[in-house]
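Please work through the exercises below with the sequence and the model open beside you.

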Amino acid sequence: MIITDNKINTAKQNFKGINDPLFSSLNGVSKAADIFIRSQENLSSTRFIQDTATNWFPKAVFSRSKEDFAEMSFLEFLESAIFYFASPVLGEKLFRNTIFKKFQPKELRNVINEQIPKSLKEISKNTLLTNDIKKRAIATKAGIVLSCAIIPIAEYTLSFAKNLFTLKTFKKSNFNNIANLDKNKNEKEDKAQQERVEKSSKKQLKRALIYSGVSVGLGSLLAVSGHKSQKLQNLSKAILEPGKTLAQKLNKKGLINEKANNFLSSISFDFANNNGKLALSKGQLGLTAILGLFGYSKAASDRGKLDVYEVWTRVPLVVFYTIFGSELFEKAFIKSLNKKNIFPDLIKKDSSNKLFVPKREEISAIAKKLASEKNTNPKDEFKKLLNQKAVTSLVPYLFSLVFMGFILSLITRLWTQYRYNHLEKNKTNHQDTALISFNKNLPKAFKDFQK
C-alpha cells in the first residue's frame, strides 16, 4: 500500500501542450523521459497499472509460497482499485452527477452541482450565490463525503476478504503455513481456527455492508434536508472540515496554540478539486490508510501473532510514507537540487516563495522563453528541461520502489522468519528442560524399568 502524492488526484490531466510541435520533435532518451513523466502525471488506468506493479512486484519477488503470492496479489490489486477508482466512480459519477443531483429543485440543480468541487470557503464567500444555494451546496457536499465513507470502510474490510479468499482457495488459515515459515514441514491446520477466521471475516464483511448502507442513507438525508437547519449546516461543515471545527472550539476555551491550530485546521475530509471534478484528498487518503492499518492488524490477529507482528513491522511505515513521507522526500530532493543550483531553469518559486517543478504542459512555454533569452534552439531547451523534470520524478519513484518496496519487503520477511525460528528454538528448549526435570523426579524403580 504505497500511494504517492500523485495518487491523491485520480482523474486524467488535461495536457494543454499535447499538440505542441516540440513534443512531436522528441526522440531517444527525451522521448522515454516524456513517456515516464506522462505516466506520473496522467492518473488514468496507465498510472493504476504502473503503481500497482510498483507495489506488487517487490512483494512478488519475495513471496514465500503460492498462498502468500496469491493473497498479496489479491490485496494489492483491489487496494489500488480503491485508491484510484473509488473517488471518481463513487464521489463524482454516482453520487454527485447521478443520485445527489436529483435531490435538488430542477431549476437549481446545475448551479448547485457546479459548486460541489469548490472548497467550503469558496462557496461561503461567493457573493453571486443566494444563501439558500450556499446551504444546499454545503449540505450536498457533506452528504457526498459522508456517503463516500464506503471507501475507508472498504479499505478496513479488505484484509478480512483476503483472509476468506485464502481460506476458501487454499484451505489455510494458519499464517505460519501460508508464509511457509517452516521449509521442512507444514503445521497441521486447526479446524477451530479456520472456523474462527471464516466467522470473523464474514462478520466484518456483513458489518461493512451495513455501515456502508448507513453512511449512504445519512448522507442522502443530509443532502436533502441539510439546508433547512443551522444545526445541520454546522454538522455539514464539521464533516467537511473536522479539524477546523475542533480548532475553533479549542480556541474559544484557550486550549490551543498557533501551531496546533494550523495543524488541526488543515485536517479536511472534503474532496480535492481536480479541474472541476471530485478527487481523493489528502485527508481522505490519510483516513483510509490509517483505517487500513487497523484492518490489516485485526485480520492478522485471526491468523496468528506472527502475522500481527509482520503487519506492525511494515504497515505503519507504509502508512506514514503514504500520508507524509512521499511529499517530504520530494520536497527535500527539490530543495537539495535548488541549494546546489542544479536545474535552475526548471525549479521555480511560487507566490509564497515555495519551490515547485512545473507540470509537463508548462515546459514548452518555459523552453521557448529560455531560447528567446539565450538565443538558443527551443528544441534543445525543451529536451533539456524535459530530461531534468524526468530526474525530479524518477528519483522519488526509485526511492519508493527500492526502499519502500524491495528493502522493506525483504526486511519484513526476514524479521518474521527470525521470530518464527526464535519461537521454535525456545519451544524446543522448553520441552527439553521439562523432560529432564520430569526424569529427575521419577522414582528410582521406574528409572530402572526404563533401562
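This is a predicted model: local features need pLDDT of at least 70, side-chain atom pairs count only at pLDDT 80 or more; totals for chains, interfaces and linings use all residues.

**Exercise 1. The chain as a whole**

Solution: Begin with the secondary structure, in which the protein chain has 18 helices and four strands.

**Exercise 2. Helices H7 and H10**

Task: Determine how helix H7 and helix H10 are oriented relative to each other, and which classes of residue form their contact.

Solution: First locate the two elements, with H7 spanning residues 131-147 and H10 spanning residues 191-225. Their axes lie 7 Å apart, and the packing angle is about 180 degrees. Because angles over 145 degrees count as roughly antiparallel, H7 is roughly antiparallel to H10. The next step is to list the residues that meet: H7 contributes Ala139, Thr140, Ala142, Gly143, Leu146 and Ser147, while H10 contributes Ser215, Val216, Leu218, Gly219, Ser220, Leu222 and Ala223. Sorted by class, this contact of H7 with H10 has seven nonpolar and six polar residues, with no charged residues.

**Exercise 3. Helices H4 and H8**

Task: Work out the orientation and handedness of the crossing of H4 and H8, and the make-up of their contact.

Solution: Helix H4 covers residues 66-99 and helix H8 covers residues 150-170; their axes come within 10 Å and cross at roughly 150 degrees. With the limit for roughly antiparallel set at over 145 degrees, H4 and H8 are therefore roughly antiparallel to each other. The handedness of this crossing of H4 and H8 is right-handed. By class, the contact of H4 with H8 has 16 nonpolar residues, together with three polar and six charged ones.

**Exercise 4. Leucine 94**

Task: Is leucine 94 buried, partly exposed or exposed, and which residues is it in contact with beyond its neighbours within four places in sequence?

Solution: Leucine 94 is part of helix H4. Its relative accessibility is 34%, so leucine 94 counts as partly exposed, given that this class lies between 20% and 50%. Once the neighbours within four places in sequence are left aside, leucine 94 is in contact with Val89 and Ile99.

Notes: Residues are numbered from 1 along each chain as its sequence is written. Side-chain values use heavy atoms; hydrogens and water are left out. Axes are lines fitted to C-alpha atoms, for helices over the stretch in contact, and angles run from 0 to 180 degrees between N-to-C directions. Angles under 35 degrees count as roughly parallel, over 145 as roughly antiparallel, 65 to 115 as roughly perpendicular and the rest as oblique. Contact means heavy atoms within 4.5 Å. Ala, Val, Leu, Ile, Met, Phe, Trp, Tyr, Cys and Pro count as nonpolar, Asp, Glu, Lys and Arg as charged, and the others, Gly among them, as polar. A crossing is left-handed if the near helix is turned anticlockwise from the far one by less than a right angle, and right-handed if clockwise. Buried means under 20% relative accessible area, exposed over 50%, partly exposed in between (1.4 Å probe, protein chains only).
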